[in-house]
Amino acid sequence: QAGSACPAGQTGSRIRFLAIAGTSYKIALDSTTATSYGSLQVRMAPVNDVLASAQSLGSTSSTTVFGTTVDTGLEPGEPDHAGSGGTASVWYRWSAPWSGTVRFETCDSAGFDTALAMYRQDAPGMAGLVPVAANDDTAGCGPDGKRSRLRARVIAGTTYIVAVAGHGAVSGTFDLAVRMGPFNDDLVNATALSSGTSGYGA
């Protein structure tokens with residue numbers, strides 16, 4: 001992959017490419033001046049940078065996980081998550097504990113404009129992803145409404161894939177929250193109330 005400029009105020013070059021586990025790479029370091037020394041920094045993206053290594057969230061009904069898209073990229077054929085034009089993403093895998101409504105959000109994340117997309121995977125690879133829900137910006141989510149929240153109907157036992165990306169070229173750290181609606185969210189799971197009893201709901 002062709003090199004790109006370093007951030008403002010820094011000299012040098014930067015390259016990013018999709019590395020394959022177990023493969024050895026040779027990197028040449030050169031200079032455009034007479035300088036005979038320099039430094040080379042190598043940073044690997046988190047393992048869930050690739051769909052095949054999506055981080056498992058199990059079948060939890062409520063959790064929050066820390067993540068980052070720093071140093072990540074896109075894979076060949078990767079969808080444009082939530083139409084955000086993002087250039088970096090990470091992946092999560094989650095199974096619905098029961099049928100109902102689930103909410104994924106990054107509202108408590110630090111200063112980072114996120115995008116979220118949820119898929120079913122009906123066949124291997126990117127081509128097998130079927131969009132379920134997506135969101136770029138949500139009013140009231142985060143201090144400036146630039147965080148993301150999606151809600152979707154899910155089926156018990158079905159595994160879903162969730163991508164967290166940035167809007168455009170931005171990247172950063174985030175907190176991804178998963179919140180499943182109550183068990184009786186679906187009619188078939190209605191809570192039975194006998195005569196003379198009361199129930200608490202949320």
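Residues are numbered from 1 along each chain as its sequence is written, and side-chain values use heavy atoms, with hydrogens and water left out. In this predicted model, local features need pLDDT of at least 70 and side-chain atom pairs count only at pLDDT 80 or more, whereas totals for chains, interfaces and linings use all residues.

The protein chain contains eleven strands and zero helices. Its elements run β-β-β-β-β-β-β-β-β-β-β from the N terminus. Strands (E, at least two residues) and helices (H or I, at least four) are DSSP runs, numbered from the N terminus. The chain has 202 residues, and 36% of them count as buried. Buried means under 20% relative accessible area, exposed over 50%, and partly exposed in between (1.4 Å probe, protein chains only). The accessible surface comes to about 11900 Å². Carbon and sulfur atoms account for 53% of that surface. Areas come from the Shrake-Rupley method with a 1.4 Å probe; for residues, only the protein chains shown count as cover. Of the contacts between residues at least 6 apart in sequence, 72% join residues at least 24 apart. Contact means heavy atoms within 4.5 Å.

A search of the whole structure finds one disulfide (a pair of cysteine sulfur atoms within 2.5 Å). C107 is joined to C141, with an S to S distance of 1.9 Å. The link is left-handed, at -105° about the S-S bond. C107 lies in the loop between β6 (100–105) and β7 (114–121), and C141 in the loop between β8 (129–135) and β9 (149–154), so the pair ties together parts that are 34 residues apart in sequence. C107 is buried at 10% relative accessible area. C141 is also buried, at 0%.

E75 sits in the loop between β4 (62–68) and β5 (89–95). E75 is buried but has no salt bridge (a side-chain nitrogen of Lys or Arg within 4 Å of a carboxyl oxygen of Asp or Glu). The nearest side chain of opposite charge is R93, 9.5 Å away. Lys and Arg count as positive, Asp and Glu as negative; His and the chain ends are not counted. A polar atom of the E75 side chain lies 2.6 Å from the backbone nitrogen of L51. Beyond its neighbours within four places in sequence, E75 contacts D49, V50, L51, W91 and M126.

R16 is placed in the loop between β2 (13–14) and β3 (55–56). R16 is partly exposed, with a relative accessible area of 36%. R16 and T72 are 56 residues apart in sequence, yet 8.7 Å apart in space, C-alpha to C-alpha.

Terms used
Polar contact = N/O pair within 3.5 Å; in protein donor to acceptor, adjacent residues only side chain to side chain.
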